[in-house]
Amino acid sequence: MTNDFCNKCGACCKNIKADMYNNILFWDGKMPLTEEFKSMLIPENNNVYTCRYLKENLCTNPSKPDICNNYPSSPFVELPENCHYCGLIFMKREKIQQKIRKLKEEIIHYNALIDTTKDKKEQNQYQRIITSHQKLVDKYKEYGSKDW
Ligand code: SF4
Ligand code: SF4
């Protein structure tokens, strides 16, 4: 991330959630767990790991993967308590949620237009817009876009 708010507390390199069976990493949002990242993880308890390169809360990995350098990049990252990126990530997430809310309003609007016209061509045109808007809403389904 370009704005460096990190205070080097090391909290994000502990309590890393991962699903080893399905190769899913719940760290910078939900992402595929690579072999490289997997090899860095030491089990703590059920699906929770600490990075083996974390020493006295500092990273000792001379060639850390890009995802570490870019962390936190996802607006849907679950940040540790007191992470200094909390405000920035909140704003990014809010921006996406606003966009989705606007799309949902437009879906209601185009549905109303479909009900008020008998022109099939117009109806199809509105339906195409609704489908494309809905696709974008569904893109964030796993993060709760249905209720935004
Ligand atoms: S938890 Fe946040 S502030 Fe702490 S090291 Fe990670 S990114 Fe930096
Ligand atoms: S390599 Fe460094 S930055 Fe990446 S998870 Fe491990 S300790 Fe954290």
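Student: Which residue in β2 does D19 stand opposite?

Tutor: Keep in mind that we're looking at a predicted model. Strand β1 covers residues 16-19 and strand β2 covers residues 24-27, with three bridges joining the two. They run antiparallel, and the residue in β2 that D19 stands opposite is I24.

Student: Which are the edge strands of the open sheet?

Tutor: Let's go through the order of the five strands, which is β3-β2-β1-β5-β4, with antiparallel pairing. An edge strand here pairs on one side only. From one strand to the next, the twist averages 35°. The edge strands are β3 (29-32) and β4 (41-45).

Student: How far apart do the C-alpha centres of domain 1 and domain 2 lie?

Tutor: First, the bounds: the domain assignment gives 11-84 for domain 1 and 93-147 for domain 2. Between their C-alpha centres, the distance is 35 Å.

Student: How many residues of the shell around ligand 1 are charged?

Tutor: Have a look at what surrounds ligand 1: C6, N7, K8, C9, G10, A11, C12, P80, C83, H84 and Y85. Seven of the shell's residues are nonpolar and three are polar. That leaves the charged group, and the count there is one.

Student: And how many residues of the shell around ligand 2 are nonpolar?

Tutor: Around ligand 2 you'll find C13, M40, C51, Y53, L54, C59, N61, K64 and C68. One residue of this shell is polar and one is charged. The nonpolar ones number seven.

Terms used: Residues numbered from 1 in each chain as written. Chains lettered and ligands numbered in written order. Predicted model: local features only at pLDDT ≥ 70, side-chain atom pairs only at ≥ 80, totals over all residues. Near = placed C-beta within 6 Å. Nonpolar A, V, L, I, M, F, W, Y, C, P; charged D, E, K, R; others polar. Domains from an automatic or database assignment. Pairing = 2+ DSSP bridges. Helix = DSSP H or I, 4+ residues; strand = E, 2+ residues; numbered from the N terminus. Axes fitted to C-alpha atoms, helices over the stretch in contact; angles between N-to-C directions.
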